[in-house]
Amino acid sequence: MAMRRVHYENPKMVVGCLVEHDNKVLLCRRKIEPAYGLWTLPAGYLEVGESTAEGASRETLEEACADVEIVSPFAQLDIPLIGQSYIIFRARLKTPNFSPGPESLECALFALDDIPFDSLAFSSIIVTLRMYTEDVRSGSIKFHYCTINKRLGASPSDLRSFDIDNHIAV
């Protein structure tokens, strides 16, 4: 009797930091595909053996050469269609130093009014920065959960083709 193997395809966990410094946020311009040349928060896939906070700090060090202290969780964003779940932490720079890592063309601090919303890399980053901007302007930063539903048939580069469901802010 042949043994049958079950192959599980589980979602990938993406972790990153929303780094706050002098009322600005740190963004990195991507030096790799997908979304080469577009701006993003420092983020990437969680590795086995690290916590989400450790992974977010590591990704920030790798992409922005920035040593950060995690302040609080800010958002969990699920994207079921592509099997990804994002956890984004608020963080602060331990020292005011940052520079592009091997996956970044440049890194820069942006005032909220100057965030390049037309040149952001991913729907998850657009949603995170929209929620953060609204929170800062309202004077109350919350923790957010939502589902990002990409519209079927939309190309991955079409960043406007999504809806947000189940938004909870506490």
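Predicted model: local features only at pLDDT ≥ 70, side-chain atom pairs only at ≥ 80, totals over all residues.
Strand E1 comprises residues 12-21 and is mostly covered, with seven of its 10 residues buried. Strand E4, residues 43-45, pairs with E1 in the antiparallel sense through three bridges, and Val15 is placed opposite Gly44 of E4. The pairing of E1 with strand E2, residues 24-30, is also antiparallel and involves two bridges. Here His21 has Lys24 of E2 as its bridge partner. E1 and E2 together form a hairpin with two residues between them, and Asp22 in the turn adopts a positive phi of about 50 degrees. In a regular strand, side chains alternate between the two faces of the sheet.

Helix H1 spans residues 52-64. Its 13 residues extend 18 Å from the first C-alpha to the last, close to the 18 Å expected at 1.5 Å a residue. The buried residues in H1 are Gly55, Ala56, Ser57, Arg58, Glu59, Thr60, Glu63 and Ala64. The elements covering these buried positions include E1, E2, E4, E6, strand E5 (68-79) and strand E7 (104-111). In an α-helix, residues three or four places apart point the same way, because there are 3.6 residues a turn.

Arg58 illustrates the burial within H1. Its relative accessibility is 16%, and Arg58 therefore counts as buried under the 20% limit. Apart from neighbours within four places in sequence, Arg58 is in contact with Tyr45, Leu46, Glu47 and Glu50. Of these contacts, Tyr45 lies within the range of E4, the strand that is antiparallel to E1.

Several backbone features occur in the loops. Most residues other than glycine have a negative phi, and most peptide bonds are trans. The peptide bond from Glu33 to Pro34, by contrast, is cis, with omega near -5 degrees. Pro34 is located in the loop between E2 and strand E3 (39-40), and Ala35 is found in that loop as well. Although not a glycine, Ala35 has a positive phi of about 65 degrees; this residue is buried, at 16% relative accessible area. Cys65, which follows H1, is likewise not a glycine and has a positive phi of about 45 degrees. Cys65 is situated in the loop between H1 and E5 and is partly exposed, with a relative accessible area of 33%.

At the level of annotation, an unreviewed UniProt entry assigns residues 10-133 to "domain: Nudix hydrolase". Across residues 10-133 the chain is 19% helix and 42% strand, and the end C-alpha atoms are 32 Å apart.

Note on methods
Residues numbered from 1 in each chain as written. Heavy atoms only, no water. Buried < 20%, exposed > 50% of the residue type's maximum accessible area, 1.4 Å probe, protein only. Helix = DSSP H or I, 4+ residues; strand = E, 2+ residues; numbered from the N terminus. Pairing = 2+ DSSP bridges. Contact = heavy atoms within 4.5 Å. UniProt positions renumbered as here; feature names shortened; annotations may be inferred. Expected span 1.5 Å × (residues − 1).
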